[in-house]
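Work through the exercises below with the model open beside you. Try each task before reading its solution.

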Amino acid sequence: MDESCGKCIPCRAGTVQMHHLLTKILDGKATLKDLQKLEELCDMVKNTSLCGLGQTAPNPVLSTLRFFRHEYLELLRPESAPAPVKSATTPEVSTHA
Amino acid sequence: MAAKTLTIDGKMVGAHEDQTILEAARDAGIKIPTLCHLEGLSDLGACRLCLVEVKGSNRLQPACAIKVAEGMEVQTHSERLQKYRRMILELLFAERNHVCAVCVSNGHCELQNLAIELGMDHVRFDYRFSGFDVDITHNRYGLDHNRCILCTRCVRVCNEVEGAHTWDVAGRGADARVITDLKQPWGEADSCTACGKCVMACPTGALFYKGSTVAEMERDRTRLEFIVTAREKKQWIV
Amino acid sequence: MSFLDLDEWLFDLAAKIELVYSPIMDIKVYPENVDVVLIEGAVANEDHLQLIHLIRKKTKVLVSFGDCAVTGNVTALRNFLGPAEHVLRRAYLEGADIQAQIPSMPGVVPALLDTVRPVHEIVPVEVFLPGCPPPADRIRALLEQVLAGEAPHLMGSQIKFG
């Protein structure tokens, strides 16, 4: 996504979302729905991007999904389990500014 | 000056040879969604919303950039195309801050209207929440990067119609943004003639008249249309 | 308020449904086996987070009701300021005229989440009703479909944001 020039939307915003979904999967926060979303997104970016960069950017994701799908599946969390959400513990400071 | 006959969505359509698919479809009453195309400006095929299926081609083609051809068979609203279009819109909504409820263009926005047209009831992608700047240094107009979709209509209208070329694009990928002159604040951009054509051309609430508040911004495109018609058809219709 | 714009139709509605949980009812615990729930607002603090998971577990149809629930809308604008700590600092220290201090009452005031998220990013949602607020006729169209036992499906201007 660092290589995207930003002219067309599928490549500019699509690669960012692809990266986000992959990170989510690696962090163990993704569900099967996210994986399907990733596949749909890859298909869209590949078929609608303006130039060769966007048209080929999803290829590594698509080929690993094809050959190493089990590794993706192992990292997913079940749909019913609550998603881990980071919350802040209220800082117990009472500074007088 | 040859005429071409083609089929759009199963309908026989006659078109002038140097018309694009988008223009031929428009003349035939078929509306193809687009955000970067604006009548009278050059086309760049960047928003990818006007992509259509052309029989015999394995790639989708941007209707705004492809000329009609004899015997061409075009599909403009297949299920696959509509799915892609909706996803492109979702990407746009997730990319920057498009909060319709507090936007000057609420109710008069091309992005908002497209969401309605394509049945986008929610965004499946996680919102990015990346904050951008707002430039209100110009004494008449303002620029909110958070609402910009980088269609570059402002860049083209400023260069091609006004001839000032104040606007351009800087940065790349998700960081790309429209700039005035050499990335100075708009108010200090000497080449700006304050004609306001960029504001008239903008499809969203990114460029606005100062002083307009939520849902108040209605764009007057008639001045742009007047100049474009005068130039292209030599007709001075007031 | 927009819901109250349904005016006399509210009587027809009241005859057909049993209202089991609402901010205007004196009930503390979310009941079991709820058919439909209209969720207003985004998920912004730990209370919301707990409640939304509980609601999901005990409800058949979740309706994301209004722009805040669907997109985060205005409530999510604080996300630009960064994590919760920055938000609290901005609001209670930098923005304060007198007695600048961050309120802290563990167990009483729920802790803010680092980012405000729309409901469907946390739990699966069946129906979306955007609008800020959704006008009464759209609410009615949706509820009539639900009452008729159909899977609600809104089209065209019925799904306008803002």
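The model is predicted: local features need pLDDT of at least 70, side-chain atom pairs count only at pLDDT 80 or more, and totals for chains, interfaces and linings use all residues. Residues are numbered from 1 along each chain as its sequence is written, chains are lettered from A and ligands numbered from 1 in the order in which they are written, and side-chain values use heavy atoms, without hydrogens and water.

**Exercise 1. Classify the ring pair B:Tyr141 and B:Tyr209.**

Step 1. Rings of Phe, Tyr and Trp (its six-membered ring) pair if their centres lie within 6.5 Å; planes under 30 degrees apart are stacked, over 60 edge-to-face, the rest tilted. The structure holds eight aromatic pairs over all chains.

Step 2. Here the centres are 5.9 Å apart and the planes stand at 55 degrees, so the pair is tilted.

Step 3. Locate the partners. B:Tyr141 is in strand β7 (residues 141–144) and B:Tyr209 in strand β10 (residues 207–209) of chain B, 68 residues apart. Strands (E, at least two residues) and helices (H or I, at least four) are DSSP runs, numbered from the N terminus.

Step 4. Check the cover. Buried means under 20% relative accessible area, exposed over 50%, partly exposed in between (1.4 Å probe, protein chains only). B:Tyr141 is buried at 2%; B:Tyr209 is partly exposed at 27%.

Step 5. Widen the view. Ring pairs link B:Tyr141, B:Trp167, B:Trp186 and B:Tyr209 into a cluster.

**Exercise 2. Give the strand order of the open sheet of three strands in chain B.**

Step 1. Two strands pair if DSSP finds at least two bridges between them.

Step 2. The order is β6-β7-β10, with antiparallel pairing. β6 (134–135) and β10 are the edge strands, each pairing on one side only.

Step 3. Three bridges join β7(B) to β10(B). One bridge partner in β10(B) is B:Leu207, facing B:Leu143.

**Exercise 3. Which ring lies under the charged end of B:Arg96?**

The ring of B:Phe132, with the charged end 4.0 Å from its centre. The test: NZ of Lys or CZ of Arg within 6 Å of the ring centre and within 35 degrees of the ring normal.

**Exercise 4. Summarise chain A.**

Chain A has five helices and zero strands. Of its 97 residues, 41% are buried.
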